[in-house]
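Here are my notes for your first look at this model. Read them with the structure open, and find each residue as you go.

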Amino acid sequence: MDYQAHFRSRLAALKDEGNYRVFMDLQRKRGHFPQALWTHENGAGDVTIWCSNDYLGMGQHPKVLAAMHEAIDRYGAGAGGTRNISGTTHEHVVLESELADLHGKEAALVFTSGYVSNWAALGTLASQIPDMIVFSDSLNHASMIEGIRHSRADKVVWKHNDLNDLERKLRSVDPGRPKLIAFESVYSMDGDIAPIAEICDLADRYSAMTYLDEVHAVGLYGPRGGGIAEREGLMDRLTVIEGTLGKAYGVVGGYIAASRELCDFVRSFASGFIFTTALPPAIAAAATASIRHLKESDRERQAHKAIVAEVRSRFDELGIPHVKNPSHIIPVMVGNPGKCKFLSDTLLTEFGIYIQPINYPTVPKGTERLRITPSPVHARGDIDRLVAGLHSLWSDCQLARRPLAAE
């Protein structure tokens, strides 16, 4: 087999479909996010980022940077290896204590990323509990899907946020069989929110564990940033709450929060935890500083809510179609991969606005979109330029202008 020819052929097909991903060479400007320097083959230029998951700009917050600098000066750069071999640094212990407190759980366990935390935790729970069957929401993140697949446990996929379908499928299983319901709070591409309380009711009725991915909600919702479950007073009803340190908290890493026994169980059996190098102590210290700040400060969340509402209102005035959802994620629907990439490219080159196109396989074909994430550090001038750019290009591409109701 000509391996290189195979690679070229598959990549060419992606490009022909308009689904080939291009990475932009960006340098975020410390203290000036969402501004960045874009380096390209013809030189460099300033751009404004409108699609970052650093939702609150905490990656630039003085407390976070100070904690990271201080930890580097104290500990050095890396963790030295796995936590089993090289030892758990004090910063990891402190971070896990903060996370357990954030979610009202007995314990927490930190991983190198949100992807790894889902893959390792779900894979371990589903494989190490005999005869486990996992009920997975049809729009769950790839990391959840991969963790369940890796476990080789039986899996039942239920229609997205469809309580009737979930109950039908729970009812069809032996009542004594171990069950786990895996779902998200805020879904990252459509921005809709799961009916957590009702899912917990079904879990209670059918003796199932619950596993809630809150990666797009922690830091952003709830009086202390504990996520949708905290906002709705439901944290105590969930078996496992999974989150990330790489989005609203502005750093990197993932975690689970649960009972002391469950966290110890995952720590003891998850290969994705046991055999990987730990996060650097400076990362753990920065994450702790970010979590502590957002536990006490609601200013960022309120400012974030206000700017999301303003951007939605400005889009509505011009008929720019975006999914009406109750979260901070604004999917501007294009519905064509070629036009979606053209919009992204032209916003960048002509307006200095960076929004990565979201195409298949991240979203189904025909639902291509620009996923916009306003933040409290976007200025009014940034909003004006975004709206003006989309208004102009929407006409150039002859795209329909209409409100798009949530399904």
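Predicted model: local features only at pLDDT ≥ 70, side-chain atom pairs only at ≥ 80, totals over all residues.

1. Begin inside it. The largest cavity holds about 70 Å³ of space. The count of cavities of 30 Å³ or more comes to 1. Which residues line the largest cavity? They are R83, H92, V110, F111, T112, F273, T276, T277, A278 and L279. By type, this lining divides into 5 nonpolar, 4 polar and 1 charged.

2. **A pocket.** Now turn to the second largest pocket, with a volume of about 280 Å³. Its lining has 15 residues. Nearest the centre of this pocket lie L220, Y221, R231, R301 and K305. Which helix gives the most to the lining of the second largest pocket? Helix α13, residues 299–318, does, with 6 residues. The lining divides into 5 nonpolar, 5 polar and 5 charged residues.

3. Look for M1, Y3, F7, L11, L14, Y20 and V22. Together they make a nonpolar surface patch of about 690 Å². Take L11 as one member of the patch. L11 sits in helix α1, which covers residues 3–17. Its relative accessible area is 40%, so L11 is partly exposed.

4. The model has 29 salt bridges by count. One of them joins the side chains of D131 and R177, at 3.3 Å from N to O. What does this pair tie together? D131 is in the loop between α5 (114–128) and β5 (133–137), and R177 is in the loop between α7 (163–171) and β7 (179–184), so the bridge ties together parts 46 residues apart in sequence. Are the two partners buried or exposed? D131 is exposed, at 51% relative accessible area. R177 is buried, at 17%.

5. **Salt bridges: a helix and a loop.** D204 forms a salt bridge with R237. The closest N and O atoms of this pair are 2.8 Å apart. D204 lies in helix α8 (residues 196–205), while R237 lies in the loop between α9 (228–231) and β9 (240–244), so the pair ties together parts that are 33 residues apart in sequence. D204 is exposed, with a relative accessible area of 51%. R237 is partly exposed, with 27%.

6. Where do R267 and D264 lie? Both are in helix α10, residues 260–269. They are 3 residues apart, about one turn of the helix. R267 is partly exposed at 42% relative accessibility. D264 is partly exposed too, at 37%. Elsewhere, salt bridges that share partners join E98, D101, R224, E230, R292 and K295 into one network.

7. **Backbone: cis peptide bonds.** Most peptide bonds are trans. The bond from F33 to P34 is cis, with omega near 20 degrees. P34 is in the loop between β1 (25–28) and β2 (35–40). The bond from Y360 to P361 is cis as well, with omega near 10 degrees. P361 is in the loop between β13 (357–358) and β14 (369–372).

8. Most residues other than glycine have a negative phi. Two residues deserve a look here. D131, the salt-bridge partner of R177, has a positive phi of about 65 degrees although it is not a glycine. D131 sits in the loop between α5 and β5. N161 is not a glycine either, and its phi is positive, at about 55 degrees. N161 is found in the loop between β6 (154–158) and α7.

9. **A distance to trace.** Start at E296, in helix α12 (residues 281–296). E296 is exposed, at 70% relative accessibility. Now go across to N161. How many Å separate the C-alpha atoms of E296 and N161? The separation is 32 Å, and the two residues are 135 residues apart along the chain.

Technical notes. Residues numbered from 1 in each chain as written. Heavy atoms only, no water. Patch = residues over 30% accessible without salt bridge, like charges linked within 9 Å, V, L, I, M, F, W, Y side chains within 5 Å. Areas by Shrake-Rupley, 256 points an atom, 1.4 Å probe, with all protein chains shown as cover. Salt bridge = Lys/Arg side-chain N within 4 Å of Asp/Glu carboxyl O. Helix = DSSP H or I, 4+ residues; strand = E, 2+ residues; numbered from the N terminus. Buried < 20%, exposed > 50% of the residue type's maximum accessible area, 1.4 Å probe, protein only. 1 Å grid on protein atoms, 1.4 Å probe; cavity = no way out; pocket = protein on both sides within 12 Å on 5 of 7 lines; lining within 4 Å. Points joined across faces, edges and corners; volume = space filled by probe spheres on them. Nonpolar A, V, L, I, M, F, W, Y, C, P; charged D, E, K, R; others polar.
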